[in-house]
Amino acid sequence: AHQHGIAVLEKELTKVKVPDISGDFRIRHVGKVHYELSRLDLRSFHLPYSRISLLPSLGLQVSISNAFASVDGNWRVKLYFIRDHGSFDLRVENVYIKINLKLGKDSSGKPTISTSDCSTHISKVWVHFSGKLGWLYNLFYRAVEQRFRKILESKVASLHLFLQVCDMVANSVHTELQPYAQTLPVTSKIDDMVGIDYALVAPPAATAQSLDVDLKGEFYSLAHRSAVPFSPLPLALPPDHDHMVYFGVSSYFLNTASFAYHTAGALVFEITDSMIPKDVEFHLTTSTFSAFIPELEKMYPNTPMKLRLFSPSPPFLSITPEGLSLRPVVDIQAYAILSSDHLAPLFLLSLVSNVSAVINVSSGHIVGNLTMGRMKLSLKHSDVGTFQVRTLQSMMNIYTSSILLPNLNERLGQGFPLPLPDRIKLHNTIVRFQQDSLMLGADVHYEPR
């Protein structure tokens, strides 16, 4: 904010219009002096010291101190029959500006930012006149300085230079900061089937230590969004302050992904012989399986096969301090391919396996990798007679580990985006596991256009 927001504000403040000044005052033993200052031009407005602090229950406070501005213009003076004119330089010093920013959310769940209060104060005004009658300028320059300072600090609408400053601040918040805050994604499309809902469930809350933003964090099917049949657990972040931003990711967030993909029909995988890696010795044909199922070769001699893997229910993931794990149940329906449009069902197996997951952060995305552990097969139905499922264990393990798991890990490697405004990049990321949630910590780098 110091590097980019203040630079924008400095540029905007140079657009402030300084009103012409005129007036009269009396000098003892001399008489009435009339002066006019016109064509005033604000050359620069510098904000060397600024600070952003948390304002509990409201949002943020921006404090600017020791700011200074430079103004030049023309002057004209009249004292009896004496008339003169010239130019002047004016410097406004020790300017203090305080702005309160109120944080909220709109009906779509996007964040909102507005100015709730703005105040200014000036400690010093210095003016230097250029011209011939120096003795005369010395008589009234202090009066002009005082008059100009009163104008700068005036709250009267007709003398509103520093009201303009607050107007400029409010305008910058409205035209620069508010649109940028709105780049925080409310929804993010993951692929053709699933998206993520990141809408704010409450306005951002400022505390003495942090700015907390509660996001929905829920995957949903793009084709048909239905209510998630389980509730989110309370999510709390540990009081760490070593990094600039922390994300809390609950098991609810990850399990809505399973539910959404299952609802969208994405947890269905088909394996044919052409998909099997060349270095795997087994082929997906009835000839291969007849070594374990004798009746198969008699019924469908040397016939290509297809396996259809699907999950009867969404696999649910659990998070513990040791890491992530899930125990998915996968049904495997085997078919004999008799023709391009005719499949003969052979048998239906149920597979249960322990799977562990590794989570990391890459380029603002949560990425993962699955490792399959011990597998257990059981026979649910057979159209080719009875057989011992245990004899198929090693073969099915090869098929699932060489095809199913790589496909899942390829998708998980693409990752799911974190809710970040435009041009924000994360670095120095960490991942910590807790009960029912994980915490991601990171520092932030802003990349200007």
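## Basis of the values

Residue numbers start from 1 along each chain as its sequence is written, and side-chain values use heavy atoms, with hydrogens and water left out. Because the model is predicted, local features need pLDDT of at least 70 and side-chain atom pairs count only at pLDDT 80 or more, while totals for chains, interfaces and linings use all residues.

## Nonpolar cores

A nonpolar core is a set of buried Ala, Val, Leu, Ile, Met, Phe, Trp, Tyr and Cys residues joined through side-chain atoms within 4.5 Å. Buried means under 20% relative accessible area, exposed means over 50%, and partly exposed is in between (1.4 Å probe, protein chains only). In soluble globular proteins, nonpolar side chains tend to be buried together.

The largest nonpolar core has 42 residues, and the members that touch the most others are Leu 13, Phe 45, Leu 47, Ile 64, Phe 88 and Ile 99. At least two residues of this core come from each of helix 1 (5-13), strand 1 (21-27), strand 2 (31-46), strand 4 (59-79), strand 5 (82-105), strand 6 (111-130) and helix 3 (161-181). Helices (H or I, at least four residues) and strands (E, at least two) are DSSP runs, numbered from the N terminus. Leaving aside residues up to four places away in sequence, Ile 64 touches Ile 6, Leu 9, Leu 47, Tyr 49, Ser 50, Val 95, Tyr 96, Ile 97 and Ile 99; contact means heavy atoms within 4.5 Å. Another core, of 33 residues, lies apart from the largest one, and its members include Val 361, Ile 366, Phe 416 and Ile 424.

## Disulfide

The structure holds one disulfide, a disulfide being a pair of cysteine sulfur atoms within 2.5 Å. Cys 118 and Cys 166 are the partners, with an S to S distance of 2.1 Å. The link is left-handed, with -80 degrees about the S-S bond.

Cys 118 belongs to strand 6 and Cys 166 to helix 3, so the pair, 48 residues apart, links distant parts of the chain. Both Cys 118 and Cys 166 are buried. Helix 3 also holds Gln 178, which is buried at a relative accessible area of 16%. Gln 178 touches Pro 111, Thr 112, Ile 113 and Val 173, not counting residues up to four places away in sequence.

## Second largest pocket

Pockets and cavities are found on a 1 Å grid over the protein atoms alone: a cavity is a set of points where a 1.4 Å probe fits but cannot get out, and a pocket is an open set with protein on both sides within 12 Å along at least five of seven lines; lining residues have an atom within 4 Å of a point. Grid points are joined across faces, edges and corners, and a volume is the space filled by probe spheres set on the points.

The second largest pocket holds about 940 Å³ of space. Its lining has 41 residues, and those nearest the centre are Ser 258, Leu 267, Leu 370, Leu 408 and Leu 412. Two or more lining residues come from each of helix 4 (251-263), strand 14 (305-310), strand 16 (323-326), strand 17 (329-339), strand 18 (342-362), strand 19 (365-382) and helix 7 (393-414). Helix 7 gives the most, with nine residues. By class, the lining has 31 nonpolar, seven polar and three charged residues; Ala, Val, Leu, Ile, Met, Phe, Trp, Tyr, Cys and Pro count as nonpolar, Asp, Glu, Lys and Arg as charged, and the others, Gly among them, as polar.

## Cavities

There are two cavities of 30 Å³ or more. The second largest cavity has a volume of about 40 Å³. Its lining consists of Phe 219, Tyr 220, Ser 221, His 224, Arg 225, Ser 226, Val 228, Phe 259, Ala 260 and Thr 263. The lining divides into five nonpolar, four polar and one charged.

## Single residues

Asn 302, in the loop between helix 6 (294-299) and strand 14, has a positive phi near 45 degrees, though not a glycine. Asn 302 is exposed, with a relative accessible area of 57%. Asp 436, also not a glycine, has a positive phi of about 70 degrees. Asp 436 is found in the loop between strand 21 (424-434) and strand 22 (437-446) and is partly exposed, at 30% relative accessible area.

Leu 343 lies in strand 18 and is partly exposed, with a relative accessible area of 32%. Not counting residues up to four places away in sequence, Leu 343 touches Lys 306, Tyr 335, Ala 336 and Ile 337. Leu 343 and His 241 are 102 residues apart in sequence and 60 Å apart in space, C-alpha to C-alpha.
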